[in-house]
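Thanks for coming, everyone. Please bring the model up on your screens, and I will walk you through it.

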Amino acid sequence: MIICPEKSCHIRFQHRSDGERFLQAFKDRLAKFGLSLNEEKTRLIEFGRFADSNRRGRGAGKPEVFEFLGFTHLCSKRRSDGGYKLLRQTNAKRQRSKLRQIKEVLMRTRHRHPYKVGAWLQRVVQGYYNYFAIPDNLKTLSAFRREVCRAWMRALRRRSQKGEGMSWEKAKRLIKRFIPSARVHHPYPSERFGV
């Protein structure tokens, strides 16, 4: 697999020799126009169905991972038969960044009515799920939901200077009403495309 600059292009080949030939031809083509690839962002990696067994045979360790479109892609195995499976999980940096943004907004808006903040939070969390709710990513989504709930609770408890924070019962009702539970929205490609 070749990963090109700006994380905007991934090109896959079955054989390493095809990938190397393409990469050289691509560099030559760009050179004709006075352009070049960024060597730090362009690399040839071994990834896919046979990557794990090939690397283990050479003693090279686990296959490399790569990040694309907000997901970290890993080589994995199915539980049912031990066959190859592409595992996609939310990019940890992206998730931390989103949580940081939510926490900042919650602290700024903590004195607004909880229902207004809850309605906003519901839209944000649902939008996040609409993109990242793919198979095998449920654990990461549940962790995201848990952190959002904690941040909202922390913001609600900081509303009072007398130490009279919101009770757990009231907070649980708000969370149940506004924060959607994590569930998979996008089926596997074989189900989605009827293959």
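Let me begin with naming. Helices here are DSSP runs of H or I with at least four residues, strands are DSSP runs of E with at least two, and both are numbered from the N terminus. Two ground rules as well. This is a predicted model, so to speak of local features we need pLDDT of at least 70, and side-chain atom pairs count only at pLDDT 80 or more, while totals for chains, interfaces and linings use all residues. Residues are numbered from 1 along each chain as its sequence is written, and side-chain values use heavy atoms, with hydrogens and water left out.

Start at the loop between α4 and α5. Asp136 lies there. Asp136 has a positive phi of about 70 degrees, although it is not a glycine. For background, most residues other than glycine have a negative phi. Asp136 is also partly exposed, with a relative accessible area of 29%. On that scale, buried means under 20% relative accessible area, exposed means over 50%, and partly exposed is in between, using a 1.4 Å probe and protein chains only.

Now the sheet. Strands of a sheet pair through backbone hydrogen bonds, either parallel or antiparallel. Two strands count as paired if DSSP finds at least two bridges between them. Here we have an open sheet of 3 strands, in the order β4-β5-β6, with antiparallel pairing. Its edge strands are β4, residues 66-68, and β6, residues 84-90; each pairs on one side only. From one strand to the next, the twist averages 40 degrees. The axes behind that angle are lines fitted to C-alpha atoms, for helices over the stretch in contact, and angles run from 0 to 180 degrees between N-to-C directions.

Take the pairings in turn. β4 and β5 run antiparallel and are joined by 3 bridges. Glu67 has Thr72 in β5 as its bridge partner. The hairpin of β4 and β5 has 2 residues between the strands, and Leu69 there takes a positive phi near 55 degrees.

On to β5, residues 71-77, and β6. They pair in the antiparallel sense over 7 bridges. Thr72 stands opposite Gln89 in β6. Ser76 has Lys85 in β6 as its bridge partner. In this hairpin, 6 residues sit between the strands, and Gly82 takes a positive phi near 75 degrees.

Next, the aromatics. Rings of Phe, Tyr and Trp (its six-membered ring) pair if their centres lie within 6.5 Å; planes under 30 degrees apart count as stacked, over 60 as edge-to-face, and the rest as tilted. How many aromatic pairs does this rule give? The count comes to 8. In one of them, Tyr128 and Phe132 have ring centres 4.7 Å apart and planes at 40 degrees, so that pair is tilted. Tyr128 and Phe132 are 4 residues apart in helix α4, residues 114-132, which means about one helical turn separates them. Tyr128 is buried, at 7% relative accessible area. Phe132 is buried too, at 5%. Tyr131 and Phe132 have centres 4.8 Å apart and planes at 85 degrees, so this pair is edge-to-face. Tyr131 is partly exposed, at 39%.

Which residues form one aromatic cluster? They are Phe71, Tyr128, Tyr131, Phe132 and Phe144. A charge also sits over one of those rings: the charged end of Arg88 is over Phe71, 6.0 Å from the ring centre. The rule asks for NZ of Lys or CZ of Arg within 6 Å of the ring centre and within 35 degrees of the ring normal. Elsewhere, the charged end of Arg177 sits over the ring of Tyr115, 4.4 Å from its centre.

Last stop, the core. A nonpolar core is a set of buried Ala, Val, Leu, Ile, Met, Phe, Trp, Tyr and Cys residues joined through side-chain atoms within 4.5 Å. The largest one has 29 residues, and those with the most contacts inside it are Leu106, Val148, Trp152 and Ile179. α3 (92-108), α4, α5 (138-157) and α6 (168-178) each supply at least two of its residues. The largest share, 9 residues, comes from α5. Trp152 touches residues including Leu106, Leu121, Leu174 and Ile179, leaving out those up to four places away in sequence. Contact here means heavy atoms within 4.5 Å.
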